[in-house]
Amino acid sequence: MGPPRRKVLATAEETLTPPDELLETHQMARAIKATGNNIYLIELPNKEQMLVELPARFRSTIWIKRGSYLVIDTKAQEERDNKIGGEIINIVRDEKAWRKASFWPKEFAKQPVAVDSDDEEESRVGKMPSSDESDA
């Protein structure tokens, strides 16, 4: 049996609004991939990568996709002697509200999507050959 509905809703509500400020040991990070057993490979704003653990209160409640933004606590795992460098404190769900916060790293700025207008050489992957081409 899963956690009570009120617990799930409380956890989901908590992730919608950003805190006023982050503590010294808290950092923003981007999820790169899930490595298994609730361990995620993340990237910090300085391009450093580390493994972090997802606490039990988020498990089976909120899913983390590649590219999601997280708040991690690096002090939480200091006393343990393993490869895990921190613990996920919060998961960014309302990215628009979080981006307005003063602590949002400029390295995580939204990248404009470049639209290529050259139609000359169109990809033919997954298309039928044209009728002009013949198999001689």
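**Entry 1: Arginine 59 and its partner**

I started with arginine 59, which counts as partly exposed at 28% relative accessibility. I note here that the model is predicted. Arginine 59 forms a salt bridge with glutamate 53, and their closest N and O atoms are 3.6 Å apart. Is glutamate 53 buried or exposed? I found 15% relative accessibility, so glutamate 53 counts as buried, because buried means under 20%.

**Entry 2: Other salt bridges**

How many salt bridges does the structure hold? I read off four. One of them joins the side chains of arginine 30 and glutamate 43, at 3.7 Å from N to O. This pair links distant parts of the chain, 13 residues apart. Arginine 30 sits in strand β1, and glutamate 43 sits in strand β2, residues 39-43. I looked up glutamate 43 too: its relative accessible area is 15%, so it is buried.

Next I went to helix α2, residues 95-99. Glutamate 95 and arginine 99 both lie there, four residues apart, about one turn of the helix. They form a salt bridge, with the closest N and O atoms 2.6 Å apart. Glutamate 95 is partly exposed at 27% relative accessibility. Arginine 99 is also partly exposed, with a relative accessible area of 23%.

**Entry 3: Histidine 26**

I then turned to histidine 26 in strand β1, which covers residues 26-36. Histidine 26 has a relative accessible area of 16%, so it is buried. Which residues does it contact, leaving aside neighbours within four places in sequence? I listed Val71, Ile72, Asp73 and Ile89.

How values were computed. Residues numbered from 1 in each chain as written. Predicted model: local features only at pLDDT ≥ 70, side-chain atom pairs only at ≥ 80, totals over all residues. Heavy atoms only, no water. Helix = DSSP H or I, 4+ residues; strand = E, 2+ residues; numbered from the N terminus. Buried < 20%, exposed > 50% of the residue type's maximum accessible area, 1.4 Å probe, protein only. Contact = heavy atoms within 4.5 Å.
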